[in-house]
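Here are some notes to read beside the structure. Please keep the sequence and the 3D view open while going through them.

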Amino acid sequence: MATAADRRAYRGPKLFSYGFRPFFLAASIWAALAVPLWLLSFTGHLPWAALTREWHIHEMLFGVLAGIVAGFLLTAVPNWTGRLPVMGVPLVALSSLWLAGRLAMLAATELGVWASVIDSAFLVVFAGVIWREVLAGRNWRNLAVCGLVTVLACANIAFHLGALAPEAVGQRAALGAIALLIALIGGRVTPSFTRNWLTQRAPGPMPAPADRADMAALILTGLAAAAWVAAPEAPLAGALLTASGLAALARLARWQGLRTLTEPLVWVLHLGYAWLGVGLILIGLTILAPDIVPRTAGVHALTAGAVGVMTLAMMTRATRGHSGRPRVADGWTLAIYLLVNAAALVRVCAGFGGPGSTVLLATSGVLWSAAFGGFALAYGPMLLGWPVRPRGKARPSPA
């Protein structure tokens with residue numbers, strides 16, 4: 001951990017001055033590369049033994065997503081606790097541990113059990129860092145976030161255990177934890193950022209303040225996730241998931257999203273949260289009506305949709321804000337948002353099968369890689385701390 005003196009004296013690379021910088025950059029590059037690698041292997045054009053379906057699932061959940069969560073929380077937790085951020089050598093070590101996991105998974109067939117050990121280490125260590133900071137800062141409100149990161153670390157271990165804990169348990173536990181993180185944190189920042197923007201730009205009706213309905217929606221999402229992990233085929237799990245998705249959409253309807261359509265940096269948060277509701281509903285219908293809704297449609301509405309859109313929304317906003325740029329979307333940013341939403345929509349459609357499903361799958365992969373690759377190209381200079389020439393007159397920062 002950095003002390004105040006360390007912070008003032010830091011003269012190292014800008015990349016390691018704050019947690020969002022290395023993790024957002026590395027995770028976005030990996031997101032852009034991992035999907036094409038999987039598609040090439042899936043279609044038989046890349047005979048690499050490690051690139052199995054399980055590798056694809058693992059790297060999306062515990063590689064890309066874990067890296068983005070790390071970047072976000074290493075930036076948010078200092079704001080929540082008032083403590084100084086992880087920086088310098090500790091941040092280099094933490095990001096190197098994440099990178100070691102990615103390399104280990106690529107060499108899993110050669111490393112055997114050591115690949116699992118190396119990969120599991122990152123989330124275990126990261127969970128420990130987050131627990132330490134939240135407890136030291138006496139930030140009791142965010143203990144739930146610590147718990148969800150711990151669940152993610154345990155889900156990764158369960159994924160690797162295989163014979164002792166079926167991989168699907170780890171997948172569902174990870175998806176449930178991520179759904180709850182989006183419901184919890186997205187449910188805070190979306191109405192908050194919307195209120196800030198509307199106050200400065202469009203006075204009028206404001207997002208509804210958090211109340212018992214919001215808490216009920218969060219509790220319902222937690223119960224649905226737990227039921228799905230424990231009994232994925234049970235009608236009760238399907239009913240709870242469907243109800244939690246409807247509750248998420250009802251919650252979203254209270255946040256005045258239609259009044260933000262002139263600022264992509266704000267409306268994309270609403271769209272990401274909408275994908276959460278749709279994903280939960282589709283997963284629930286997969287259980288209740290499996291002949292109508294395929295499993296992959298719901299899972300990818302949650303992953304490519306809610307996770308893909310919400311992570312890029314937060315990554316762009318946090319990067320612009322912490323690098324001193326106006327919090328408004330330029331053309332690059334708008335293109336990134338459109339690409340990731342298109343990727344999610346096409347991927348969900350591909351899940352319903354049909355003669356064109358392989359084409360849709362490939363199209364979705366290209367769109368996904370373009371979105372995250374576009375982020376790396378457009379935001380990489382900001383993350384690296386390179387000066388960027390202003391393009392035209394910037395509008396005032398909304399919040």
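1. What volume does the largest cavity have? Its volume is about 270 Å³. A cavity is, on a 1 Å grid over the protein atoms alone, a set of points where a 1.4 Å probe fits but cannot get out; lining residues have an atom within 4 Å of a point. Grid points are joined across faces, edges and corners, and a volume is the space filled by probe spheres set on the points.

2. On the source: this is a predicted model, in which local features need pLDDT of at least 70 and side-chain atom pairs count only at pLDDT 80 or more, while totals for chains, interfaces and linings use all residues. Residues are numbered from 1 along each chain as its sequence is written, and side-chain values use heavy atoms, with hydrogens and water left out.

3. The search of the whole structure gives 4 cavities of 30 Å³ or more. For the largest, 18 residues form the lining, and Val69, Phe72, Ile182, Met310 and Thr311 lie nearest the centre. Helices H3 (53–81), H8 (167–201) and H12 (295–322) each give two or more residues to this lining. Helices are DSSP runs (H or I, at least four residues), numbered from the N terminus.

4. The lining of the largest cavity has 16 nonpolar residues, 2 polar and no charged. Ala, Val, Leu, Ile, Met, Phe, Trp, Tyr, Cys and Pro count as nonpolar, Asp, Glu, Lys and Arg as charged, and the others, Gly among them, as polar.

5. The second largest cavity has a volume of about 60 Å³. Its lining includes Leu73, Leu74, Val129 and Glu133. H3 gives the most to this lining, with 4 residues. The division here is 9 nonpolar, no polar and 1 charged.

6. Leu73 also belongs to the largest nonpolar core, which has 123 residues; Leu73 and Phe126 have the most contacts inside this core. Such a core is a set of buried Ala, Val, Leu, Ile, Met, Phe, Trp, Tyr and Cys residues joined through side-chain atoms within 4.5 Å. H3 supplies the largest share, 16 residues.

7. Histidine 300 is in helix H12. Is histidine 300 buried or exposed? Histidine 300 is buried, with a relative accessible area of 16% (buried means under 20%, exposed over 50%, partly exposed in between, with a 1.4 Å probe and protein chains only). A polar atom of its side chain lies 2.9 Å from the backbone oxygen of threonine 296.

Note on methods: On a 1 Å grid over the protein atoms alone, a cavity is a set of points where a 1.4 Å probe fits but cannot get out, and a pocket is an open set with protein on both sides within 12 Å along at least five of seven lines; lining residues have an atom within 4 Å of a point. A polar contact is a pair of N or O atoms within 3.5 Å; within protein, one must be able to donate a hydrogen and the other to accept it, and residues adjacent in sequence count only if both atoms are side-chain atoms.
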